[in-house]
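Hi there,

Here is the structure I promised to send over.

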Amino acid sequence: MSNILVTVVMGVYNQHNKEQLEEAVRSILAQTMQSWELIICDDGSDSEAARNLKDYENRDPRIRVIRHSQNRGLAATLNTCIAQARGKYIARMDADDISRPQ
């Protein structure tokens, strides 16, 4: 049985604004509730954007990056994340969103 309460899903395609994505990920890392996982699905981004995303997996074991080999669109990307989710609840986030700590 998983002890993950919330799975945060994020679809990303060619997110070159590293600062914006960094703020979004940091806002998840700063959560007061620690029973979460973040699944980022790279929807066929170019190689630079894909490399930037893979770096997040090394920061925290609760972050997973899944990659589509070609762009499938947001709905398919989010469904890929949801299929991999281990949490009781799903939270949706974009790469330019900031979550409050609570």
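**What I found**

Along the sequence, the protein chain reads β-α-β-α-β-α-β, with 3 helices and 4 strands in total. Helices (H or I, at least four residues) and strands (E, at least two) are DSSP runs, numbered from the N terminus.

A word on provenance: this is a predicted model, where local features need pLDDT of at least 70, side-chain atom pairs count only at pLDDT 80 or more, and totals for chains, interfaces and linings use all residues. Residues are numbered from 1 along each chain as its sequence is written, and side-chain values use heavy atoms, leaving out hydrogens and water.

On overall shape, the C-alpha atoms of the protein chain fill a box of roughly 35 × 25 × 20 Å along the principal axes. Of the contacts (heavy atoms within 4.5 Å) with a separation of 6 or more, 81% link residues 24 or more positions apart.

Buried residues (under 20% relative accessible area, 1.4 Å probe, protein chains only) make up 43% of the 102 residues. Strand 3 (residues 63–68) is largely enclosed by the rest of the structure, because 5 of its 6 residues are buried.

Best wishes

Key. Buried < 20%, exposed > 50% of the residue type's maximum accessible area, 1.4 Å probe, protein only.
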